[in-house]
Amino acid sequence: ESGVQDEKTVIVWADEIADILVYLHGMNPPVIHRDLTPDNMIVNREGGITIVDLGAANEFLGTVTGTVIGKNAYIPIEQFRGKATPQSDIYAFGATIYFLLSGKDPVPFSQSSLADEGISVSPLLEQLIKDCTAVEPQDRLKDAAALSKRTKEMRNLLS
C-alpha cells in the first residue's frame with residue numbers, strides 16, 4: 001500500500017516474519033500459513049508486522065493433499081500441486097520480501113532475484129531471497145529456524 005520499502009525496514013520485517021514462521025512451524029503438528037503474501041500483512045502502530053488471514057492455514061500432515069490457495073506469484077510449485085509443506089511458506093516469504101523491495105509481484109514458479117530487475121540490495125539480502133525462492137524445495141532454506149538465523153544475522157548488522 002505504501003510502495004517500495006527501504007532495505008533496513010524490510011530486514012526488520014523479514015526478521016519478524018521469520019519469528020512468526022518459527023512459531024507456526026514449531027507447533028505440533030506444524031501449521032503452514034499457505035497464503036503468506038504482502039496482502040496478508042499489516043504494519044501495526046509500532047511499525048512492526050502482523051500476519052493476518054490464517055484461514056488458509058492448516059496443520060501439516062505429510063501425506064495429505066489439499067486445495068491450492070493463494071496468489072500464483074507467491075505459491076511454490078509443490079503447493080500448486082497440492083502438497084504444501086513448511087518450506088512452502090519459506091518460498092512465499094522470499095517472494096514477499098522481493099515484492100516489498102521491488103513493488104512487483106515475482107514471476108510465478110521461479111527463483112526471484114532483485115539483481116535481475118536492476119535493484120541493488122546487500123548481497124546477504126539478495127542471496128536470502130534466492131535461497132528462499134529456489135523452485136525445488138530441496139534447494140531452499142531447510143526450515144524456519146534456518147531462515148530466522150539468517151534474518152537475525154542481517155538485522156544485527158543494522159546496529
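## The model and its layout

What you're looking at is a predicted model, where local features need pLDDT of at least 70 and side-chain atom pairs count only at pLDDT 80 or more, while totals for chains, interfaces and linings use all residues. Residues are numbered from 1 along each chain as its sequence is written, and side-chain values use heavy atoms, with hydrogens and water left out.

The chain has 5 helices and 4 strands. These are DSSP runs numbered from the N terminus: helices are H or I with at least four residues, strands are E with at least two. Starting at the N terminus, the order reads α-β-β-β-β-α-α-α-α.

Of the 159 residues in the chain, 45% count as buried. Buried here means under 20% relative accessible area, exposed means over 50%, and partly exposed covers what is in between (1.4 Å probe, protein chains only). As for contacts, meaning heavy atoms within 4.5 Å, take those in the chain between residues at least 6 apart in sequence: 60% of them join residues at least 24 apart.

## Helices α1 and α5

Two packed helices are described by the angle between their axes and the distance between the axes. The axes of α1 (7–25) and α5 (144–158) come within 8 Å and cross at roughly 155°. That makes α1 roughly antiparallel to α5. Axes are lines fitted to C-alpha atoms, for helices over the stretch in contact, with angles from 0 to 180 degrees between N-to-C directions. Angles under 35 degrees count as roughly parallel, over 145 as roughly antiparallel, 65 to 115 as roughly perpendicular and the rest as oblique.

The crossing of α1 and α5 is left-handed, a label used if the near helix is turned anticlockwise from the far one by less than a right angle (right-handed if clockwise). Residues of α1 in this contact include I11, V12, L21 and V22, and those of α5 include L147, M154 and L158. The contact of α1 with α5 divides into 11 nonpolar, 3 polar and 6 charged residues.

## Helices α3 and α4

Now for α3 (86–102) and α4 (123–132). Their axes come within 7 Å and cross at roughly 140°, so α3 and α4 are oblique to each other. The crossing of α3 and α4 is left-handed. On the α3 side, the contact is made by I90, Y91, F93, G94, I97, Y98 and L101, and on the α4 side by L125, L128, I129 and C132. The contact of α3 with α4 has 10 nonpolar residues, 1 polar and no charged.

The buried residues of α4 are L125, E126, L128, I129, D131 and C132. Their cover includes α1, α3 and α5.

## The loop between α3 and α4

S110 sits in the loop between α3 and α4. It counts as buried because its relative accessibility is 19%. Beyond neighbours within four places in sequence, S110 is in contact with Y91, T133 and V135. The side chain of S110 also reaches the backbone oxygen of V107 at 2.7 Å. I77 is 33 residues from S110 along the chain, and their C-alpha atoms are separated by 8.8 Å.

F109 is in that loop between α3 and α4 too. Its phi is near 55°, a positive value in a residue other than glycine. F109 is partly exposed, at 30% relative accessible area.

A cis peptide bond joins N28 and P29, with omega about 0°. P29 belongs to the loop between α1 and β1 (31–32). R34, in the loop between β1 and β2 (41–43), has a positive phi of about 70° although it is not a glycine. R34 is buried, with a relative accessible area of 12%.

I49 is in strand β3 (residues 49–51), and it is buried, with a relative accessible area of 11%. The C-alpha atoms of I49 and W13 are 6.0 Å apart, though the two are 36 residues apart in sequence. Leaving aside neighbours within four places in sequence, contacts of I49 include W13, E16, I17 and I20, along with M41 and V43.

Methods: A polar contact is a pair of N or O atoms within 3.5 Å; within protein, one must be able to donate a hydrogen and the other to accept it, and residues adjacent in sequence count only if both atoms are side-chain atoms. Ala, Val, Leu, Ile, Met, Phe, Trp, Tyr, Cys and Pro count as nonpolar, Asp, Glu, Lys and Arg as charged, and the others, Gly among them, as polar.
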